[in-house]
Amino acid sequence: MKSRSRNWWVLGLTDFKNEAADPRVFQYYQLSNTGQHTISQMEERLGNMSRELQSLQVQNIKLAGSLQHVAEKLCRELYNKAGVHRCSPCTEQWKWHGDKCYQFYKDSKSWEDCKYFCLSENSTMLKINKQEDLDFALSQSYSEFFYSYWTGLLRPDSGKAWLWMDGTPFASELFHIIIDVTSPRSRDCVAILNRMIFSKDCQELKRCVCERRAGMVKTESLHFPPETLGEGDWFSLCNYK
């Protein structure tokens, strides 16, 4: 029995040797190893290309951001010099300041009517929550005819806390509200008059100020002769952060 098993093993070994000796079998194994090596090389190249593509995408995002900052800086320079420019992110007749667009209307309305009017213009009433906004609003409110403008600040319940139209609390350290003692009725809405801020009867008729977030600077509108800017201007723009 052992002899028969041994004979089968010898025969199997002999067949393997005969197959190994066949050049076609050798070529098959050689091609198989070459193919696997090629696939590994292609996978490695594909991985490298994917990483390079991701790196280029990150660089493009950074470059686009830098170009947008430069464009915004340049547009502000042009806008501030002329008071208006086609590159402005605000629609016509709206004033650009900071990251918002403002419109100071001439028609007088009650506080609530101004609220709904601004909403119809896809905007909200004036909100002042930092010094730059306060300085801008006060400068725009000045009028020799003593026109006053509603802000989005009110007291929903008389005698209680002042709130902006969006529900955020009023920062009392930013400006002082002068109580209008001449009004016999409730004084729960706030208006700006000649660089001063008063509490007024919400039913009084005053001009509306609406604001909305500014869009992107229109970079396609920044084509102009290079001589319009001096060397120092170009230096400041290119080094803008």
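Modeller: Two strands count as paired if DSSP finds at least two bridges between them. Keep in mind that this is a predicted model.

Colleague: How many bridges pair β7 with strand β8?
Modeller: β8 covers residues 196–200, and Ile197 in β8 stands opposite Ile192. The two strands form a hairpin with two residues between them. They pair in the antiparallel sense, and the number of bridges is five.

Colleague: Are the two faces of β7 covered or open?
Modeller: Buried means under 20% relative accessible area. On one side Cys189, Ala191 and Leu193 are buried, and on the other Val190 and Ile192 are too. Both faces are therefore covered.

Colleague: Where on α3 do its buried residues lie?
Modeller: The buried residues in α3 are Trp111, Cys114 and Cys118. An α-helix has 3.6 residues a turn, so residues three or four places apart point the same way. Seen down the axis of α3, the buried residues fall within an arc of 55 degrees, so they line one face of the helix.

Colleague: Which element supplies the largest share of the largest nonpolar core?
Modeller: This core has 25 residues, and Trp96, Trp111, Trp150, Val217 and Leu222 touch the most other members. Elements that each supply at least two residues include β2, α3 and β4. The largest share, five residues, comes from α2.

Key: Residues are numbered from 1 along each chain as its sequence is written. This is a predicted model: local features need pLDDT of at least 70, side-chain atom pairs count only at pLDDT 80 or more; totals for chains, interfaces and linings use all residues. Side-chain values use heavy atoms; hydrogens and water are left out. A nonpolar core is a set of buried Ala, Val, Leu, Ile, Met, Phe, Trp, Tyr and Cys residues joined through side-chain atoms within 4.5 Å. Buried means under 20% relative accessible area, exposed over 50%, partly exposed in between (1.4 Å probe, protein chains only). Helices (H or I, at least four residues) and strands (E, at least two) are DSSP runs, numbered from the N terminus. The arc is that of the directions from the helix axis to the C-beta atoms.
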